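These are my notebook entries on a structure that was new to me. I set down what I looked up, topic by topic.

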Amino acid sequence: MDTSLAEEEFVSSSSIIDLSLSSDNTSAVIVTHQIAKEIGFSDQDQTLLAVVSSELSTNILRYAQKGKVTINTIQKNTQKGIEIIAEDNGPGIENIEMALSEHYSTGDGLGLGLPSVKRIMDEFSIQSIKNKGTIIITRKWKKNSRL
Amino acid sequence: MKKESPSTLTNELSIQILEQIPTPVMAVDKDLKITYLNASGRALLAKDISEIGGVSCKDAFCTSHCGTKECRMLHAMETGKRASSRNEATIQNKKIPIEYTAVPLYNDKQELVGGLEFIIDITNQVINEEKLKEQSRTIREISTPAIKLWDGIVILPVVGVIDSLRAQQMMNAMLAKIMETSAKVIILDIQGVVAVDTAVANHLIKITKATKLMGCKCIISGISPAVAQTIVQLGVDLGDVNTNSTLSDALKEAFIMLKITVSDSAL
């Protein structure tokens, strides 16, 4: 039995979208939708993943003014997935726990974005340093179709 | 085996090669004083080598990175790795957008002696980017049409992606049209919207509230199955907002609201 490959993950393709204008959000949404479709996610998941990109890029544009979103096609053994990484050098998130709770927003948002992203994605990690920036790494795996 | 030098070039030949490169190449010492600048670099500054030799590079190029931690040359010398970035140089009061790459230079004892910098004038690239931004702005402006569909009914079809700027434009277009046509019902068709995220949902709620203040009812139509599920997933409460799955349903509802009867007897 070969277990050495069990945890091997790799990125097979990567798209980076720089965010600085309000309309750059559009590219993030469209590219994510396209990549999710190529990977073979369902229509519903394509829309949800586009929404995740939209939430993350909107947050960057709203709070950090600029940053970038990277969309990777990832693979672990035979399972394919999508990785959406949002990075900025903005003010950072003061209270991550609060930011991840529903109906909390320091701006005038609904305060549902980040908790939704966490709920939609299979893996979610967030790192934020005050006045240095924030990086959010999220992944969603395509369910392997079994008999 | 004798260790081979990567090149058999003489010093003079190397300099000649650097001189021929059609983009500025500059060498500095550890204190960022210019030790060499090739012909196109001297042409850019419109200065002779005697005028710039030993001058601090920040005084020659006056970029926004100069003297800050952003300086990629310092970065390259510190880390020993190539570093590049976009920047803006100010030469004779003229701002020139540039892209520069810095690499550290070592002597034969592997001691750091300074760095080499390649500078590319990206003026045209920046102009093109600006044009592109301008174009996308134009497209966005013409992509929020508010159309009078019937007496008292205005429709605003929305396609693509809604961001905060566009949502604001939509709101303005709608409110202006309501004023102009004294519409009583406005239909916002979002069938062509790729993704409704929380920010978009928030905008939709705000638009509905604003139209209500103007004495106009707002119906949101074109909610596809995927969008409906997304809104549920997001936990957004569209409670007060009047929604419909198709535009024709929304129109029927508008007719009922305005007590308009449409019959097909004419056919």
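**Conventions.** I worked from a predicted model, in which local features need pLDDT of at least 70 and side-chain atom pairs count only at pLDDT 80 or more, while totals for chains, interfaces and linings use all residues. Residues are numbered from 1 along each chain as its sequence is written, chains are lettered from A and ligands numbered from 1 in the order in which they are written, and side-chain values use heavy atoms, with hydrogens and water left out.

**Chain A, overview.** I looked up the secondary structure of chain A and found 4 helices and 5 strands. Helices (H or I, at least four residues) and strands (E, at least two) are DSSP runs, numbered from the N terminus. Read from the N terminus, the elements of chain A follow the order β-α-α-β-β-α-α-β-β. Of its 147 residues, 46% count as buried; buried means under 20% relative accessible area, exposed over 50%, and partly exposed in between (1.4 Å probe, protein chains only). I also noted that 62% of the contacts in chain A with a separation of 6 or more come from residues 24 or more positions apart, a contact being heavy atoms within 4.5 Å.

**The sheet of chain A.** In what order do the strands of the open sheet lie? I recorded β1-β2-β3-β5-β4, 5 strands with antiparallel pairing. Two strands pair if DSSP finds at least two bridges between them. β1 (9–19) and β4 (123–129) of chain A are the edge strands, each with a single partner, so one side of each has no neighbour in the sheet. On average, neighbouring strands of this sheet are turned by 15° against each other, direction ignored. Axes are lines fitted to C-alpha atoms, for helices over the stretch in contact, and angles run from 0 to 180 degrees between N-to-C directions.

I then followed two strand pairs. β2 (residues 67–76) and β3 (residues 79–88) of chain A are antiparallel over 10 bridges, with A:Thr70 opposite A:Ile85 in β3(A). β4(A) and β5(A) also run antiparallel, joined by 7 bridges, and A:Ile126 has A:Ile136 in β5(A) as its bridge partner. Their hairpin has 3 residues between the strands, and A:Asn131 takes a positive phi near 60° there.

Helix α4(A) lies across β4 and β5 (133–141) of chain A and runs at about 145° to β4(A).

**A:Thr138.** Leaving aside residues up to four places away in sequence, its contacts include A:Val52, A:Ile84, A:Val117 and A:Phe124.

**The interface.** I counted 25 residues of chain A in contact with 23 residues of chain B. The two chains bury about 2,000 Å² between them, 58% of it on carbon and sulfur atoms. A:Ser22, A:Gln44 and A:Leu110 supply 24% of the area that chain A buries against chain B, more than any other three residues. Buried area is the accessible area (1.4 Å probe) that two parts lose on being put together, summed over both.

**Helix α9 of chain B.** I listed the buried residues of this helix (residues 225–234): B:Ala226, B:Val227, B:Thr230, B:Ile231 and B:Leu234. They lie on the same side of α9(B) because they cover an arc of only 135° around the axis, the arc being that of the directions from the helix axis to the C-beta atoms. B:Pro225 and B:Val232, on the other side, are exposed. The cover over the buried residues includes α2 (43–64) and α4 (113–120) of chain A, together with α8 (198–213) of chain B. Just after the helix, B:Gly235 takes a positive phi of about 75°.

**Salt bridges.** A salt bridge is a side-chain nitrogen of Lys or Arg within 4 Å of a carboxyl oxygen of Asp or Glu. How many does the search find over all chains? The total is 9, with 0 across the interface of chain A and chain B.

- A:Asp122 pairs with A:Lys143, the closest N and O atoms being 3.9 Å apart. A:Asp122 lies in the loop between α4 and β4 of chain A and A:Lys143 in the segment after β5, so the pair ties together parts 21 residues apart in sequence.
- B:Glu129 meets B:Arg86 at 2.8 Å, N to O. The former is in helix α6 (residues 123–142) and the latter in strand β3 (residues 83–91) of chain B, so parts 43 residues apart in sequence are tied together.
- A:Glu83, A:Glu123 and A:Arg139 are linked in a network.
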